[in-house]
Amino acid sequence: MAAERLIVFLRRQDFRDVGVEIKLSLPSAYPVCLMGALKEGFSRVYRPNTLYRQTGVVLAGLVADDGSHYTLFDDTTKIEKMARIYEAVDSLSGRFGKHMVQHGSSLLTKLQAQHEGDRGDVPVRKAETFKGENRRQRLGLPMLHIKV
């Protein structure tokens, strides 16, 4: 399934919601294609110095992702290569777990050590190690954003 619209919302501490709906130019099921619209929507609703308790993204207007909706200006070979990449990622995630392959852009938040210190909770992945790794050397197989 591919989304035609995205809804990005934030819930404040007083339980009031603020959000925005974004119509995509082309239905997509690929995170790489959705990230730009998500960042734009988030920047439109986020206000600094406001406390939030929840972040939400809703994929709306789902249609079959059969690839027949290409326009004259779409790079069909790039879209088909991206489809094969995501099929491989889904296969690896099914075999080794959903967090084994990630986008390279997610490394930035890991390097900034989000969710550590303020609340005192250490993620399970930081507390446990795989066979053959130690706390200094973690196995990380990120999925890098490569132009195809």
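**Exercise 1.** Classify R12 as buried, partly exposed or exposed.

*Solution.* Start with the cut-offs: buried means under 20% relative accessible area, exposed over 50%, and partly exposed in between (1.4 Å probe, protein chains only). R12 has 22% relative accessibility, so R12 counts as partly exposed. Before going on, note that this is a predicted model, where local features need pLDDT of at least 70 and side-chain atom pairs count only at pLDDT 80 or more, while totals for chains, interfaces and linings use all residues. Residues are numbered from 1 along each chain as its sequence is written, and side-chain values use heavy atoms, with hydrogens and water left out.

**Exercise 2.** Find which residues salt bridges join into one network with R12.

*Solution.* Take the criterion to begin with: a side-chain nitrogen of Lys or Arg within 4 Å of a carboxyl oxygen of Asp or Glu. Next, check R12 against D14: their closest N and O atoms are 3.6 Å apart, a salt bridge. Then turn to D14 and R16, which also form a salt bridge, with the closest N and O atoms 3.6 Å apart. Through shared partners, R12, D14 and R16 form one network. D14 itself is partly exposed, at 45% relative accessible area.

**Exercise 3.** Describe the contact of R11 and D17, and how exposed R11 and D17 are.

*Solution.* The two side chains meet in a salt bridge, 2.7 Å from N to O. R11 is partly exposed at 25%, and D17 is partly exposed at 44%.
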